Amino acid sequence: MLSQPVAADTWFVQGLSEMGSAANQNFISNAGFVITPAGVLVIDALGSPPLADRLLALIREKTSLPLRYVVVTHCHADHIYGLQSLKAAGARIIAHAGCRDYLASETARLRLQASREELFPWINEHTHLVEPDQWLGNGGRDDDLVIDLGDRRFRVRHAGPAHTREDLMVHDERTGVLFAGDIVFRGRIPFVGQADGRRWIEALDRMLELNPRVLVPGHGPLSLHPADDLALTRDYLSYLRQTMGTAARNLEPFDEAYARTDWSRFSALPLFAAANRMNAYNTYLQMEHEAP
Ligand SMILES: [Zn+2]
């Protein structure tokens, strides 16, 4: 794991474009950190406690100032399983209330149980889900938050529902760096899951209104040309909605629609084989429910 410079006193680590596995320690997502004179703000916690420990070690190479905040961009396992290490180091954990139910759910518990086997020993019986210290968006209010820390002002914005209900972005006003979470995927097929593709595309557009100078995506390399570099996520989501929408409206069975769709624009990208069919299927189900 290497820390890559993003801007003044700002770094990120870049996960691999792979599925999570014991071999890669679940290092498949990005995390970032900003060092201010009043302490450190971290964005996301990586996919296992040992990974978060390595992130902490990278921070400690640069500063002995206290860890103050972790902003969780969303509650997918590859972004939150490292939280317990950062919490133990003294950070205050901030997330959006959209994932409150999930964290307390049977689904989350079973997922962790499965990960303890699939990702052993990086995820093991000592790994647990961490309840955030502060929720944004309680009852629809307080969706956004300003964190004044040292010489920085961070605007934490609710961008969901998009990739997830609870998507948060962190914008550093001074440097123009935007930590976009999984609103932006680069260099791999996005993970769509239960996401709402239409709102996700809208969130991408709202993101550009912030006019970020540098964008750190949830997956893939950092972007110095955000408007161009989010095109992959946008084009992919639009294409899924267009092709699967036509199929759903024509009552064409999914398997047939999938087989005849031309995927050549995306098929060379990492994780196409692992993720595309499920992404298409989830989109197909959504388009069946959307008004024509
Ligand atoms: Zn992710």
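Predicted model: local features only at pLDDT ≥ 70, side-chain atom pairs only at ≥ 80, totals over all residues.

Residues are numbered from 1 along each chain as its sequence is written.

**Exercise 1.** Find the domains of the chain and describe where they touch.

*Solution.* Start with the bounds: the domain assignment, which is automatic or from a database, gives domain 1 (4–225) and domain 2 (237–289). Next, take the C-alpha centres of domain 1 and domain 2, which lie 28 Å apart. Then look for contacts, meaning C-beta atoms, placed from the backbone, within 7 Å: 13 residues of domain 1 meet 16 residues of domain 2.

**Exercise 2.** Which residues have the most contacts inside the largest nonpolar core?

*Solution.* A nonpolar core is a set of buried Ala, Val, Leu, Ile, Met, Phe, Trp, Tyr and Cys residues joined through C-beta atoms within 7 Å; buried means that 20 or more other C-beta atoms lie within 10 Å of a residue's own, again placed from the backbone. The largest such core has 76 residues, and Val42 and Val70 have the most contacts inside it. Both domain 1 (4–225) and domain 2 (237–289) supply at least three residues to this core. Finally, leaving aside neighbours within four places in sequence, the contacts of Val70 include Val42, Leu83 and Ile93.

**Exercise 3.** What share of the chain is buried?

*Solution.* Of the 292 residues in the chain, 47% are buried.

How values were computed: Contact = placed C-beta atoms within 7 Å. Buried ≥ 20, exposed ≤ 12 C-beta atoms within 10 Å, placed from the backbone.
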